Amino acid sequence: MKFLDEAKVYIRSGDGGAGAVSFRREKFIEFGGPDGGDGGRGGDVWVEAVNGLNTLIDFRYQQHFKGATGTHGMGRNRTGANGASVTLKVPVGTQIFEEDNETLIVDLTEEGQRFRLGAGGNGGFGNAHFKSSTNQAPNWANPGLEGEEKTIWLRLKLIADAGLVGLPNAGKSTFLATCTRARPKIANYPFTTLHPNLGVATVDGREFILADIPGLIEGAHEGTGLGDRFLGHVERTRVLLHLVSAQEEKVGNAYKIVKHELEAYGGGLTDKPEIVALSQIDVLDEDELKKKAKELEKACGQKPLLLSAITNVGMLQALRALRDEIVRFGSEEQDEA
């Protein structure tokens, strides 16, 4: 399945059905009077967050969604049927924006959450509605009201507990593949990962969701490389695991490049708890490892974890550190509630 995290969609709710102009015509009933029924209501346009989706690819093939028009009223005081509604099914974590792509309409963060994007038009009144003591035979009816139409943007921000960040080839995809059942593409060249990947990690009987995003390079906030738009997928995470490859000549500088891009992006990413790890340590000898670990500690202000996904060194400690931060974050949320 291809990954798509932004889509432009046109929606239109259904028009209301027109009221009917009708008069009762029966033998031996001299004054039958008006009996035109009301029109039915037009169909609404809804959006719903559902489980089992993690991409907006369906909206590449269908961009127009319209509610059905209400049925017109009929004689003998028969009201028209309401038009069928239409529902856009999106992944949990989808945000809906107005056409300017800036004004937020709704943020769907829970499975089953629904929101009405466009209300169907009301049905028109039939001529029976207008009967009065002074006008016992009205010969007019109301047309149905028009539905609402607009163009909206869908933007997906994946919901995960922890996010992996770092330069290209920092070992993020290998880390994800080692501790989860996810199978991202892994190769020895930059930008192997072209879209975010999710995986469920388990440590000491507790599960949490990991998100791996494409690597950042210097100038990503200005559009260099793949840019920084994929950082939106780690905005909702509770903790970030910042991987710095031991193969980097200057690990301190590598850390600062990614940190600068996180600051330039904003979105509260620099306020999240950060765990720093020196990855791919299997390529270094002991002296070189100590030197680079010390350099990275000086750059980030904390003692980095040392790990190698290939040899499974330090993986358990990294997962436990992530788990502890996730549990702590959850406890703080409960205390605030």
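Here is a short chat about reading the cores and salt bridges of this predicted model.

Colleague: Where do I start with the nonpolar packing, and which residues have the most contacts inside the largest nonpolar core?

Modeller: The general idea is that in soluble globular proteins, nonpolar side chains tend to be buried together. Here the largest such core has 48 residues, and Val9, Ile11, Phe59, Leu88, Leu154 and Leu278 have the most contacts inside it. Helix 3, residues 251–265, gives the largest share, six residues. There's also a second, separate core of 23 residues, with Cys179, Ala201, Phe208 and Leu319 among them.

Colleague: Say I click on Leu154. What is Leu154 in contact with, leaving aside neighbours within four places in sequence?

Modeller: Quite a list: Asp5, Glu6, Ala7, Val9, Leu56, Phe59, Val90, Thr94, Gln95 and Ile96.

Colleague: On to charges. How many salt bridges does the count come to?

Modeller: The count comes to 14. Take Glu274 and Lys259, whose side chains meet at 3.3 Å, N to O. Glu274 sits in strand 13 (residues 274–279) and Lys259 in helix 3, so this pair ties together parts 15 residues apart in sequence.

Colleague: Is Glu274 buried or exposed?

Modeller: Glu274 counts as buried, because its relative accessibility is 16% and the cut-off for buried is under 20%.

Colleague: Which residues are linked in a network of salt bridges?

Modeller: Asp204, Arg320, Arg323 and Asp324. Arg323 counts as buried at 17% relative accessibility, while Asp324 is partly exposed at 43%.

Notes: Residues numbered from 1 in each chain as written. Predicted model: local features only at pLDDT ≥ 70, side-chain atom pairs only at ≥ 80, totals over all residues. Heavy atoms only, no water. Core = buried A, V, L, I, M, F, W, Y, C linked by side-chain atoms within 4.5 Å. Buried < 20%, exposed > 50% of the residue type's maximum accessible area, 1.4 Å probe, protein only. Helix = DSSP H or I, 4+ residues; strand = E, 2+ residues; numbered from the N terminus. Contact = heavy atoms within 4.5 Å. Salt bridge = Lys/Arg side-chain N within 4 Å of Asp/Glu carboxyl O.
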